[in-house]
Amino acid sequence: MNAPDRTGLGNAFEATASGTLTGAPIERVEDERFLTGAGCFTDDVRFEGMVHAAILRSSHAHARIRGIDCSAARALPGVLLVATAAEIGHAHKPIPIRLAPLPGLDRFLQPTIAADEVRYVGEPVAIVVATSRYIAEDALDLIETDYEELPAVTGIEQSIAGAALVHASVGTNVATQYPVGRGDAEQAFASAPYTRRERFRCHRHTGAPMETRGLVAEWNGSLMRVWGATKVPFFNRGLLASMFDLPETAVDMIETDIGGGFGIRGEFYPEDFLVPWASMQLGRPVKWIEDRREHLMAANHARETECELEIAMDHDGTIRGLRGRAMADLGAYVRTGGGVAISRLAQYLPGPYRITDFACEVMAVITNKTPVGTFRGPGRYEANFFRERLLDLACADLGLDPVAVREKNLIAKHEMPWPIGRLVPTEGEGAYDVGDFHSGLHKALAAIGYERLPRGGTRIDGWLHGVGVACFVESSGGGKSENARIIARTDGSFDIYSGVSTMGQGHETVFAQIAGDELGVPLDAFRVHHGSTAHVDYGWGTFHSRAIVVGGSAVKLAAAQLREQLDALAATGHVGAPAEDIEVKLRYDTRGPTYSYGTHVAHVAVDPETARVKVLAYVALEDVGRVMNPLLAHGQAVGGAVQGIGATFLDELRYDEAGQLLSGSYADYLMATSTEVPAVQAVLLEESPSPSNPLGAKGAGEGGIVATGGALANAVGDALAGYRLPLTTLPLSLDNLARALRQARAAGNAPQAGH
Amino acid sequence: MKPAPLDILAPTSVAHALSLLVEHGDQARLIAGGQSLMPILAMRLAAPAILIDLNGIGALRGIHAQADGSVIIGALSRHRDLERSDLVAERLPLIAAAMPWVAHVQIRNRGTIGGSLAHADPAAELPALCLALGATLELHSPRGARHVAAADFFQGVFATERADDEMITAVHLPAASPGQRWAFIELARRHGDFALCGIALTADCSPIGQVLGARIVVFGVSDCAQRLPQLEAAIVGTTPTPTSIDQAMPALDQVEARSDHHASSEYRLELLATLARRALRQAFGFDERIAP
């Protein structure tokens, strides 16, 4: 089928004008199987004798487990296994931190099943396996739990105050606390002619992929095979093997097609131990498919942070310094993602601006809510909203043009590489590698037609119009190395094996494009295999927009080596495919992260009487170094922006004061649909190829979401300029915006001509 | 999210359905389109042992024109049937205008008018439409049939006048007066979500435009759809202009508004005032080009 022409690229074609496959908007080879229903997702995996698991989850935010009576559940016909911490015994271990193990976090690891205490609504308490999921859920209803309720901690301030402790034995709710900075912020503020301080809040929400989590585990007496792996299958294999005291080679993680990852899917969760454990007990394949209610209460949440942020400026808009205090609500336990989001938040508070003097106190606290993890652009979305909103508030105070102030402060091309200092305690000094931030700003403004747009509260047919701008920079391409293996087959085809996994991005297409250019053969000569632990010695997985930057570079170098061998064979007079398979294995080590950057611009109209916001136009511009496939890169950018538009207005995981989740279904957890989002215009630049990898690529998966909160809040603020709203809290839900308008009217800040 | 074990019985006549309802008592629930009941079952918020499936009862289908200009809608009519009906568009334009606001097209393909009225969600459109149009509900039980005015039917959140052994079989909608004015307006967080506030209204007018009677109904704000008699009284007798509508607004009734995590009661009351004014302007042709 033809590609949709929403990208403005025309229909897909096979190669660029210069004849390369990379750079061409080639349709995904994956699409045919997805669109014809021929994909194999986790729930499509079925085996003879397979049985079904369901998890009993805590209904309390915080309680002591006095007793669990499973006898009635065990007696139900069709039930094969009911197990609690008592039955699992010594195999029940805490799940370690995979990334950003900030000091102190390891005191709060999550056990694979609750033993004595439950600390959030949704925490696993028992696993049931039965001949059908229906019977397994019937059995859950028959398990009698006796809880003694304990006080629930549900807010950051309450957690810091420490009157009630989530983990009494640790003695504090503060999981980590550290200062970061560069230059001398105190000095910069002492001499600054203008300062403004605000307290910002970003709401708890999450990625909510279309396919929930799920896995099928089968133990055959010597080998544990797990279908449904993604993101980091090799890490998870090592972890599962260690929990069972097995060698790594006794565990295979096998990737299926995946309906979206967004950071939350594929991390090691309690169920990733419980389901294989059950399979081991029963000697039968066990399937567990997370339902949507479980997903919203048990899979990683994200983003809930508060930040006191203060800016120092000259009256001409030159930023003199930035300082603040960033606090994250981690939920009840520290999961595999450790301190990624909060540490990146602090790192990206200064953003793409020439801010030499910066200081931030970072704190992460434990509460009786679902633990958090990473979600597309972790820390960046939050930091970008805080800083970009504060910039616009300062511009309003000083009577300055927000675009001019950004132009004045963006780091210039000739200042690259620009040292950012050591802003993450688990990392060394960093530097933005290369970039023309000004060009990104100017091209984004041109793309939306900034000069012609009604803004500043211009009223058209009752709607007030506003335009908001937000600039960003963000890192990608982490995870130190990646493996690639390519085999030239005797029939002239090639098999590419990679250590990265995929959640639907289109790596099967792009890796073939990259190898095709090296080997000078067409796309359909390749079969791409990814993500399963059987393919390569090790793989670092897919996160931090690393698959092309690191995994693609490995494929490119392996293909180049294979090309040399095939050329040598040809030099001997051999014609055609090799007489026997030729294999190249290669490990590529990165030279540090890449930095994508860009600007988002939003045009909105607001009905000040109902607080309704219409997003009329949205431009997400990002320089990704080199675009491997414009069709897929545009898809990533548009998808990210849509997810961010939804997150900024709708998505919200709400709890009551007792720690009960109020948004545990899609009737209450609202995601953007086609009626809420405009046709997002994604602009991808290739002005600053990364010097750090042979492709020149930078991550392209997350820039679409990073600046959405900042650009949209600034656009709404501009539309309602007459009300002088602070808009320091996300989401910009109808209720929140209506409250802000009510407060402005009560304070006499409303313009005349009420409607 | 799998329902607890249950049996499904599939009667083919109203009498059979009613006898099953009596036989199984509170163990049984009637199911029509299932668009509200199925999620309730999947989340195990209810676990009836028996579902009495009404979908095989042909007599409950159909939208029937009456000679007096009125319309009778069978309880099993899908929202989509109403949305696409020429008869509804001609005789009940308020319903035709409101139907696209009822959830999403997939839900409208299954959901029924009888099911929506019996469920009585505070944010549902159909109870409000019935109030604004002066509808009468036809209910049957083994004790016989009776007609209940919509105004007497809705009693609270998921609470109605329907007795345990009764089922809604049809909705009677009286003929509109010549030149009847109407308006429908709703605000939800996303299109198709439960309304935070909505207004459905009809107004009967004299040939020179004087309002002779009005039914102004709010839904989504309080426990069930309700008329706004004081606002109605302020409009009746006037020949509306934008100014006269604004002048009537201070008469807006005191309504007890709900508060939840989507909208505070303050916000719902602000919406009520705004949407009621806009609906009146829309009804009398003073389009201010903002919607809702």
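Begin with the polar contacts between chain A and chain B: in this predicted model, 19 residue pairs, both members at pLDDT 80 or more, are in polar contact across the two chains. To see which parts of chain A are involved in touching chain B, select helix 4 (133–142), helix 9 (292–298) and helix 19 (734–746) of chain A, the elements that each give two or more residues to that side.

Next, select R742(A) and E270(B), whose side chains meet in a salt bridge with an N to O distance of 2.4 Å; the count of salt bridges between chain A and chain B is seven.

Now step back to view both chains. Here 35 residues of chain A are in contact with 33 residues of chain B, and the two chains bury about 3000 Å² between them, with 50% of that area on carbon and sulfur atoms.

For the last stop, move to the second largest pocket, which has a volume of about 520 Å³. Select R612(A), V613(A), T675(A), E676(A) and R189(B), which among its 26 lining residues lie nearest the centre of the pocket. Then show strand 25 (612–623) and helix 16 (630–649) of chain A, along with strand 11 (181–188) of chain B, each of which supplies at least two residues of the lining. Strand 25 of chain A gives the largest share, four residues, and the lining by class consists of 16 nonpolar, six charged and four polar residues.

Methods. Residues numbered from 1 in each chain as written. Chains lettered and ligands numbered in written order. Predicted model: local features only at pLDDT ≥ 70, side-chain atom pairs only at ≥ 80, totals over all residues. Heavy atoms only, no water. Contact = heavy atoms within 4.5 Å. Buried area = accessible area lost by both parts, 1.4 Å probe. Salt bridge = Lys/Arg side-chain N within 4 Å of Asp/Glu carboxyl O. Polar contact = N/O pair within 3.5 Å; in protein donor to acceptor, adjacent residues only side chain to side chain. 1 Å grid on protein atoms, 1.4 Å probe; cavity = no way out; pocket = protein on both sides within 12 Å on 5 of 7 lines; lining within 4 Å. Points joined across faces, edges and corners; volume = space filled by probe spheres on them. Nonpolar A, V, L, I, M, F, W, Y, C, P; charged D, E, K, R; others polar.
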